[in-house]
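Subject: Structure handover

Hello,

Here is the structure I promised to pass on. My notes follow below it.

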Amino acid sequence: MPENLAVINCSQLVTLAGPRRPRVGAELRQLSIIEDGALFVRGDRIEIADRRREVERLINDDCEVIDAGRRVVMPGFVDAHTHPVFAGLRANEFEQRASGATYREIAARGGGIRSTVRATRNASLSDLVEISKRYSEWFLRGGTTTIEAKSGYGLTIEDELKILRAIKQLAEETPLSYVPTFLGAHDIPSEYRSRRATYINLVINEMLPRVATEKLAEYCDVFFEADVFTTEEAWQILSAARCHGLGLRVHADQLTLSGGAKLAAELNAATADHLEHTDAAGIAALKTANVQPVLLPGSVYALGSQQYPAAREMIEAGLGVVLATDFNPGSSPTPSMPMILSLACTQMKMTPAEALTAATMNPAYSLGRGDQIGSLERGKRADFVIHDCEDYRELAYFFGVEHASLVYTSGKPAFSRNVSEARP
Ligand SMILES: [Zn+2]
């Protein structure tokens, strides 16, 4: 099998080459597209992303050649916020919400996250891996090559560790890359409702040390919301996580303005996620502390809300905006980054170019991997996708369509779909 790979005849090679930091302001619209570009891959790394003739002169017998057929070639999507390991589905609650029940009413009846926690506790490690492999493939076929993956449906030491071990096994056994995040503070489990301090203690003094010792997570996250965890509790958990060397991410201001953006800024978190209710003061705090906002329009859409985060204000404030799916069984059951691009453009008035940067380069930086993934540049991991369209804007413009026809991770084929030979 040839060591090298050349991808030629790309209508647009969308490289995202540029400054080695999160893109802000007008930089979000600069995709560094090479018309009639080509890619040369050696092993698992990109060697050249350039004009066709620069790549063609390197092609020899030890090189596999892929003709992209005048299609778009770009880096794999990096999805910086997902909850991809869980058992059970919540299609019944979806039906109840369609019939008028609210998310909070369903939660009060013991549904919502608590039903997923029950099912996930009852599943074995191997059950969870098998269930989640189905979702791995969904990410890949949408053109996503790296996801951040949170625990948070176990809420006991053993069940949280089980989920993080499932994530580790999925990273080893599937072509998708996973960045693990510990979310033991996703909710106060039912059995601790009357003694919440005991649960906070458990997270800080028992779960976090085990997660850190076994190197099962790179980040720690807290679901910081008025009726879930208080400011003081979130502060304690995140500070303890930082002492264990974990990076910080925060679910912030999703349902109410609870000061999540401010907290993320004060703790120098890598990201503040959701931000549907964040105000101008919160945006300014994120800017001062260099926290990247992770916007999750899929959950706004799926909950039937109109309250999308203020993406334009955040771009104007100079934040390194990120888009992600929030894939989870309750509020955002989609693994599709193209769907998120569509929502970003139609509901949050981002341009297709801004949305693309927020789905590749900026999330890579938010995960501490800006030097490895997120763009097609020399030395980076060969995670790239051929999309069955001629112009990158079609990815956001056509919605409900999966365009990814060939997906490569680390220079190896990870997913392919039959499409007609050449474009009309
Ligand atoms: Zn989430």
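How are α5 and α6 oriented to each other? They are oblique to each other, a word used here for whatever is left once angles under 35 degrees are called roughly parallel, over 145 roughly antiparallel and 65 to 115 roughly perpendicular.

Before the details, some ground rules. This is a predicted model, in which local features need pLDDT of at least 70 and side-chain atom pairs count only at pLDDT 80 or more, while totals for chains, interfaces and linings use all residues. Residues are numbered from 1 along each chain as its sequence is written, and side-chain values use heavy atoms, with hydrogens and water left out. Helices (H or I, at least four residues) and strands (E, at least two) are DSSP runs, numbered from the N terminus.

Helix pairs

Helix α5 covers residues 125-141 and helix α6 residues 157-173; they pack at an angle of about 50°, with axes 9 Å apart. Axes are lines fitted to C-alpha atoms, for helices over the stretch in contact, and angles run from 0 to 180 degrees between N-to-C directions. The crossing of α5 past α6 is right-handed, that is, the near helix is turned clockwise from the far one by less than a right angle. In contact (heavy atoms within 4.5 Å) are residues including L128 and V129 of α5 and I163 and A166 of α6.

Helix α7 (residues 196-213) packs with α8 at about 10°, the axes being 10 Å apart. That makes the two, α7 and α8, roughly parallel. On the α7 side the contact has R196, I200, V203, I204 and L208; these meet E233, Q236, I237, A240 and A241 of α8.

The sheet

Eight strands make an open sheet with parallel pairing, in the order β5-β6-β7-β8-β9-β10-β11-β12. Strands pair if DSSP finds at least two bridges between them. At the edges are β5 (77-79) and β12 (322-323), each pairing on one side only. Inside this order, β10 (residues 271-274) and β11 (residues 292-295) are joined by three bridges, and A272 has P293 of β11 as its bridge partner.

Helix α6 lies across β6 (144-150) and β7 (177-185), and runs at about 175° to β7. Helix α8 (residues 231-243) also packs on the sheet, where it touches β7, β8 (219-224) and β9 (247-252).

A hairpin

Strands β2 (residues 33-42) and β3 (residues 45-51) run antiparallel and share six bridges. They form a hairpin with two residues between them, and G43 in the turn has a positive phi of about 65°.

Regards
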